[in-house]
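Let's take a walk through a protein model together. Have a look at the picture first, and then we'll go through it piece by piece.

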Amino acid sequence: MTLLPGDDDTIVALATASGRGAVAMVRLSGARAIDIARALGAFGGVTGGAVDPRRAQLVKLADPDTGAPLEQALVTAFPAPHSFTGEDVVEIGTHGGAVSPAVVMGACIRHGARAARPGEFSRRAVLRGRMDLLQAEAVADLIEARTQAMQRQALAQLDGGLSRRLQALRNEVIHLEALLAYDIDFPEEDDGPIAPERVAAAARALGEALEALLRTAPRGAMVRDGALVVIAGPPNAGKSSLFNALLGESRAIVTAVPGTTRDAIEALLDRGSGHLPLRLVDTAGLRDTEDEVERLGIEVSGRYLAQAQVVLACGASMEDLVHTQQVVRERTTAVVVPVLTKSDLRTAIDGTGDGDAVPVSAEAGDGLAALLPRIDMAAQAHTPGDTDAVIITRERHRAGLTVAHHEVAAFQAAWNHGALPAPVAAVHLLAAREALAELIGTVDTEDVLDRVFRDFCIGK
Ligand SMILES: Nc1nc2c(ncn2[C@@H]2O[C@H](COP(=O)(O)OP(=O)(O)OP(=O)(O)O)[C@@H](O)[C@H]2O)c(=O)[nH]1
Ligand SMILES: [Mg+2]
């Protein structure tokens with residue numbers, strides 16, 4: 001990959017979050033990293049000997065111009081290529097807080113380093129072949145993860161799971177191209193060594209494999225953002241109480257006055273890496289109303305219902321429950337789970353009425369243990385699959401795979417109908433291969449790198 005202006009600079013950034021804390025880390029990367037640290041007194045100073053790789057040393061850093069003390073820090077050198085970026089890296093562990101790291105950063109900049117741009121360390125790691133683009137994205141996903149499922153997914157991607165899958169698909173394209181090249185080179189050999197059916201079968205298998213990976217996109221979105229679970233029902237049904245009970249905390253206001261909730265309230269429920277995270281939404285009660293504010297709230301409920309993956313249709317009586325399910329089903333394609341609320345108020349004689357409904361008492365905490373697996377099952381219905389399977393989680397992955405899939409389909413159509421001569425049909429395979437290479441990050445596409453690293457935090 002080509003270097004851009006500035007890619008040769010030695011960069012510095014605060015790698016830890018700023019604010020009050022025990023320690024902070026200032027990280028240098030580039031050809032001058034070790035010299036700059038030496039100038040501040042690390043590694044025996046400017047007259048010191050060789051650095052001791054990957055060994056932390058407590059150093060009294062001082063300003064070389066004035067001799068003024070800067071900080072007592074723990075300094076570690078990671079000489080190239082055995083570092084995160086593949087360049088010389090120096091990590092300076094300072095005291096936390098606002099001042100100490102800033103003082104050290106300032107001294108590094110005065111002595112030849114440049115402040116790093118967002119994601120510049122990871123970008124360099126990609127440029128120097130320490131990781132591919134998918135792994136760099138995984139680093140960002142680890143930092144941004146809001147749920148354990150997402151963290152685990154990112155960890156698997158960092159380990160190369162998705163990279164290996166895409167690499168294998170790319171190899172399949174190359175294999176197909178090789179079959180075709182044989183056909184192009186020896187066109188006279190009618191029914192020669194490569195039967196047209198063999199090419200067709202290989203193309204079909206490739207198309208199916210691309211499609212299978214593309215189909216994991218909704219699951220990726222669910223792992224990233226949570227399955228959208230909307231709690232709906234008439235006013236006063238106990239929706240906010242259920243929302244709070246599921247979360248285990250009082251997030252939504254609960255009162256005996258119908259129409260209490262006027263705007264949708266969202267919260268993420270993370271029950272660990274074995275479960276899909278749930279994006280729970282408490283909504284305003286569904287009813288016709290004269291109240292302008294409440295009506296707006298109900299409109300919002302409708303919008304959530306349209307996007308939901310799961311709807312908990314609530315009612316405190318069988319009549320309400322039947323009506324709620326009717327109203328909800330008109331507004332959603334989600335899996336609807338009927339929930340009979342306030343079950344503590346019902347006598348045994350009332351029964352639960354509907355075998356399908358889950359009786360729940362938010363007040364007593366009953367029924368939640370039965371409701372959660374029902375929600376999980378409903379969410380899974382949208383995206384069947386293993387929690388630990390290789391999946392795609394970003395729009396960039398979906399877009400790249402879609403291009404590859406279209407190109408393979410175009411090749412198949414041309415090949416099966418003999419519509420195009422083999423060399424022309426092969427252009428589609430080349431395009432598919434390039435789309436996959438761009439996804440992995442093995443081709444030189446600056447705009448792709450810029451798009452990926454733009455959203456990184458500084459210091460990563
Ligand atoms: N006994 C009993 N009362 C409940 C239960 N759940 C909710 N309530 C009561 O029912 C009333 C309404 O509860 P909310 O959770 O505010 O109901 P809601 O559906 O959010 O109501 P709106 O926001 O007005 O649409 C409150 O007085 C709650 O204390 C329950 O499981 N058992
Ligand atoms: Mg409410």
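This is a predicted model: local features need pLDDT of at least 70, side-chain atom pairs count only at pLDDT 80 or more; totals for chains, interfaces and linings use all residues.

Start with helix α3, which covers residues 120–127, and helix α4, which covers residues 133–144. Their axes come within 9 Å and cross at roughly 160°. An angle over 145 degrees counts as roughly antiparallel, so α3 is roughly antiparallel to α4. The way α3 passes α4 is a right-handed crossing. So who is doing the touching? On the α3 side you'll find S122, A125 and V126, and on the α4 side L133, A136 and V139. Sort the residues of this contact by class and you get five nonpolar, one polar and no charged.

The crossing of α7 past α13 is left-handed. Among the residues making this contact are V199, A203, L206 and L210 of α7, with L401, A404, V408 and W415 from α13. By class, the contact of α7 with α13 has 13 nonpolar, five polar and three charged residues.

Last stop: ligand 1. Which residues around ligand 1 come nearest? Out of the 22 residues around it, those are G238, S240, T261, G285 and E363. As for the whole shell around ligand 1, seven residues are nonpolar, 11 are polar and four are charged.

Terms used. Residues are numbered from 1 along each chain as its sequence is written. Chains are lettered from A and ligands numbered from 1 in the order in which they are written. A residue is near a molecule or strand if its C-beta atom, placed from the backbone, lies within 6 Å of it. Ala, Val, Leu, Ile, Met, Phe, Trp, Tyr, Cys and Pro count as nonpolar, Asp, Glu, Lys and Arg as charged, and the others, Gly among them, as polar. Axes are lines fitted to C-alpha atoms, for helices over the stretch in contact, and angles run from 0 to 180 degrees between N-to-C directions. Helices (H or I, at least four residues) and strands (E, at least two) are DSSP runs, numbered from the N terminus. Angles under 35 degrees count as roughly parallel, over 145 as roughly antiparallel, 65 to 115 as roughly perpendicular and the rest as oblique. A crossing is left-handed if the near helix is turned anticlockwise from the far one by less than a right angle, and right-handed if clockwise. Two residues are in contact if their C-beta atoms, placed from the backbone, lie within 7 Å.
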